[in-house]
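Dear colleague,

I am handing over the structure below, and after it you will find my notes on what turned up when I went through it. Please read them with the coordinates open beside you.

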Amino acid sequence: AAAAAGDFDPYRVLGVGRSSSQADIKKAYKRLAREWHPDKNKDPGAEDKFIQISKAYEILSNEEKRANFDRYGDAGESQGYSPHQHRQFHHFHEGFYFDESFFHFPFNSERRDTSDEKYLLHFSHYINDIVPDSFKKPYLIKVTSDWCFSCIHIEPVWKEVAQELEVLGAGIGVVHAGYERRLAHHLGAHSTPSLLGLINGKITFFHNAVIRENLRQFVENLLPRNLVEKITDKNYIGFLSNWKKENKPHVLLFDHMPVVPLLYKLTAFAYRDYLSFGYVYVGLRGTEELSSQYNINVYTPTMMIFKENIDRPADVVQAREMKKQLIDDFLSQNKFLTVARLTNQRLFQELCPVKKSHRQRKHCVVLLTGEGDKFAVAYEAFLAFAVANTKDTLKFVHIYNDRQPEFADALLMDEEKYQGKSAVVILERRNNAGKIAYKALEEAWQGSKEDNFILLDLLDQLRTDPSLLSSETVLADLNDELAPMFLIRWLYSMLDYISDCWDSLFHSNWREMMPLLSLLFSALFILFGTVIVQAFSDSSDTRDSPPSEKEETAAKTEKNDASFGKESNSRMPKKGFVEVTELTDINYNSNLVRLRPGHMNVVLILSNSTKTILLQKFALEVYTFTGGSSLHFSFLSLDKHREWLEYLLEFAQDAAPIPNQYDKHFLERDYTGYVLALNGHKKYFCLFKPHRSGDEGGTLALCEEYDSSIPMEARGKSSCSPGSRSIKNKLHKLSFWMERLLEGSLQRFYIPSWPALD
C-alpha cells in the first residue's frame, strides 16, 4: 500500500490497524466519539478532534474509500479519476520534480481553502439566523465536501462571484456535507458540488453551467419581479403620489444604465416593507422633463427620496459609484414619512419604542383624525407643525379613527367634544404589553395658530416635567390595515405551491418526486380506466336486451355477495394468533435483505423491560392485517441493535427543526414503541413514531377492549397498571398507520443499502 498523501491518517486517528474489521472500526469510533464529544469533553481542541474522528470513520466505514486510501493514500471517489489514471499519473511524475502544493487540492481540513471558512453554515445557525435573514436578502449557498474533484473546478468562479455578490448585499453560505450531513439532507442536496439559492425561506437549486454571468442571473431571478418600477415622464407623478395610499416614502434612482443594477434590486428587496422604489434611465427618451424638474446631473448616479411633498425631495445623495454602505445609511434615515399613519402594530412599535431609561425617553404625538376633505385642513396644519418640530426624541404620527376604533376609544373615551373632529394626544409607551402614559389636548385640533401654540407649550413642558403625562391606559394591538384578504393570500400560496411542484418536476431529485408522481399517475389511471370501462359497458348494454327484473335483482345480489366475500377473505386472519419473530443477525438476510419483491417486514422496536407489554399490544393492533402473505412481523431488541436503528433513522429526518448533534442526550434516546415497515427489495422503509398521550381515560379504554378484540391464542398475561398503560399506549394508533401502509399513502425513506446487523 502506498503511503498516505498528507498528514491525515484515518487509521491513526481511530487507533486501529489496517487489517481491522468493520466491527473493530465501529467500536473504536463509538468509544472515541463518546470521549471527545464537545459537550462531554471541555478540552479546547475537542471539537476539532471530534470532527477528525467523524471524518476518519466516514472513510474507513466505506469499503470503496478505504480501498482507495490503502492503495493511493487518499479516498478520492471516481469522479472522472479512476485508479488506472492515478497509476499513469504516478508513474509519469517520477521523472520530474512534483510539488503537490501547486495544485492546492483541498482534500482535508489542513489544505481546505480558508476563504470559505467565514461562510460555513451549521444546522442551528441556518435555522435560527439564515432562514429569517433570507426575508431581507437572498442567499447563494454552496454544498461541498473534502473528497470532491468537481468542487475544485468551480472554486475560482465561486470565489469571484461570492466576493462580488457579498459587496452588493447578497448573503453567501457554504455547507460541508461531510460534517453537516443533517443540514445537507435538510437542504435536499444529495450530491456535491451543489449550488442553491435561498429567499423568503424557499430553496431553489442552480442547474446551469457554473460561470459568473449565470450565477449573477440566478441570484437576480430569485428576487420578485415587481420590486422596482420603471419611471418616465408619463408615470412619475402617479408613482410619487402613491405615498398616501401605500403609507411609504418613495425612492427614485437616476442612472445611465439601461437595466436596473443588481445592487439597487437587492436594496429594494431589503427595504420593501418601508419604501417603494423607482428607476429612471436618464439616457432614455421620455425622461427629459423628469430630469429637468429635479435638476438631475445625468452623468452622476443620483438617489432621491420623496415623502409627503412630491414637488421637492426630502433628501438627496449623489455619488459616482453608489456603494451599499452609502445607500443603507441614506435609506435607514428616511424609512418613514414625516407624519406616518399607524397601520399595524409593528409600525407603532418602531415609531414609538418603549422607554428604556429616563435619558432615552421618546414621545409620540398622535393625530387622531378621519378620512376625506373634511379633515384635510387639520392634517395639513399638523404636518406643517411636524416638519418644523421633528426631533430624534419626538415622532409625529396620525391614525384614522374608523380604521382603528379600539385605539381611538382608549385615548379619547368617546368624549363628545371630539366627535367628528380631530384630536391630538402625546403618549409614551411604558412596556411591550401595551401600557402607555398619555395626555390629550383639552380641545379638538383645528390646526389654528392657537392650537399650534398650545401643543408647542405642552412639548416644552414635557422636556422638564415627564409627569405631565398623567393618564395611563393599556392599548390593544392595532389592526393590520394593509394585510391582503384571506382569498388573495390563499391564491398566492397556491401559486407558490404550483411553482414549486413544476420546478421540482424537472429539477429535483427523483426520489423525492416519486410519491407525487405515483399519486398523479394513479389518479390518471383510475380516471381513464373508469371512462374506458364505462364506454365498453354502455356499448354492450345497447347490443344486449335488458334482462328481466327478477334476473337483474338476482344478479345484483350474487355480485354483491361475491364482492363482499372476496373483500372479507383478503383481510380475514387465517390463524388464531400473530407470528412475531425476533430479527437477529442469523435471520436478517432472509427476513429483510433478500425479502421477495412485494413483501414487507413490520418490525417493532422494544427493550427487555418493555418486551412483554409491547408485544401484547402489537399483536392486538396488527392482528386484523395478518390475513395476507405479503406482510411479516418481527421485533428488534433496542438493547442489542441501537446502532443499526440510529443509522436507519438518519434517513428519516424531515424539514422540522432537528435537535443539535451535540445534544448531550443523543446517545440515550428512547426508541421503544417505534415501528418500521421495511421493504427489503426496494430499499425503503416507513416509520411509525409512538403515540404519546396523557389521557388516562383513553388508556383505560384500551385495557377494557383488550379482552374481546382477538382470540384467546393472541392474548397473554396483561397488566393494566399505570406503568404498563403508558407503555402500551405508545402503539395506540398503530392500526390506523397500518391502514395507510396498505394504501401506500405513507412517506417512504430510501437508503442506499441495508446496514449489517451485528
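In which helix is phenylalanine 528 found? Phenylalanine 528 is found in helix α20, which covers residues 510-543; helices here are DSSP runs of H or I with at least four residues, strands are runs of E with at least two, and both are numbered from the N terminus.

Before going further, please note that this is a predicted model, in which local features need pLDDT of at least 70 and side-chain atom pairs count only at pLDDT 80 or more, while totals for chains, interfaces and linings use all residues. Residues are numbered from 1 along each chain as its sequence is written, and side-chain values use heavy atoms, with hydrogens and water left out.

Surface patch

Phe528 also belongs to a nonpolar patch on the surface, together with Leu520, Phe521, Leu524, Leu527, Val531 and Ile532, and these residues have about 690 Å² of accessible area together. Patches are made of residues with over 30% relative accessible area and no salt bridge, like charges being joined within 9 Å and nonpolar side chains (Val, Leu, Ile, Met, Phe, Trp, Tyr) within 5 Å. The accessible areas come from the Shrake-Rupley method with a 1.4 Å probe, and for residues only the protein chains shown count as cover.

Disulfides

A search of the whole structure finds two disulfides, a disulfide being a pair of cysteine sulfur atoms within 2.5 Å. One of them is formed by cysteine 148 and cysteine 151, whose sulfur atoms are 2.1 Å apart; the torsion about their S-S bond is about 90 degrees, so this disulfide is right-handed. Cysteine 148 is buried at a relative accessible area of 2%, and cysteine 151 is likewise counted as buried, at 5%, where buried means under 20% relative accessible area, exposed over 50% and partly exposed in between (1.4 Å probe, protein chains only).

The other disulfide is formed by cysteine 352 and cysteine 364, with sulfur atoms 1.8 Å apart. This pair links distant parts of the chain, since cysteine 352 sits in the loop between α15 (345-351) and β11 (363-369) and cysteine 364 in strand β11, twelve residues apart. For cysteine 352 and cysteine 364 the S-S torsion is about -105 degrees, so the disulfide is left-handed. Cysteine 352 has a relative accessible area of 3% and is buried, and cysteine 364, at 1%, counts as buried too.

Salt bridges

With a salt bridge taken as a side-chain nitrogen of Lys or Arg within 4 Å of a carboxyl oxygen of Asp or Glu, the count comes to 30 salt bridges. One of these joins the side chains of glutamate 160 and arginine 212 at 3.8 Å, N to O; the pair links distant parts of the chain, with glutamate 160 in helix α7 and arginine 212 in helix α9, 52 residues apart. Glutamate 160 is partly exposed at 40% relative accessibility, as is arginine 212 at 29%.

Glutamate 472 takes part in a salt bridge with arginine 430, the closest N and O atoms being 3.6 Å apart. Arginine 430 lies in the loop between β13 (423-429) and β14 (435-440) and glutamate 472 in strand β15 (residues 471-474), so the pair ties together parts that are 42 residues apart in sequence. Glutamate 472 also forms a salt bridge with lysine 435, where the closest N and O atoms are 3.8 Å apart. Because glutamate 472 lies in strand β15 and lysine 435 in strand β14, this pair ties together parts that are 37 residues apart in sequence. Lysine 435 is partly exposed, with a relative accessible area of 34%. Elsewhere, salt bridges that share partners join Glu160, Glu164, Arg212, Glu213 and Arg216 into one network.

The buried residues of helix α9 (residues 212-222) are Leu215, Phe218, Val219, Glu220 and Leu222, and they pack against β1 (139-144), α7 (149-168), β3 (194-199), β4 (202-205) and α12 (262-270).

Histidine 250 lies in strand β6 (residues 250-255) and is buried, with a relative accessible area of 1%. Leaving aside neighbours within four places in sequence, histidine 250 is in contact (heavy atoms within 4.5 Å) with residues including Phe239, Trp243, Met304 and Phe306.
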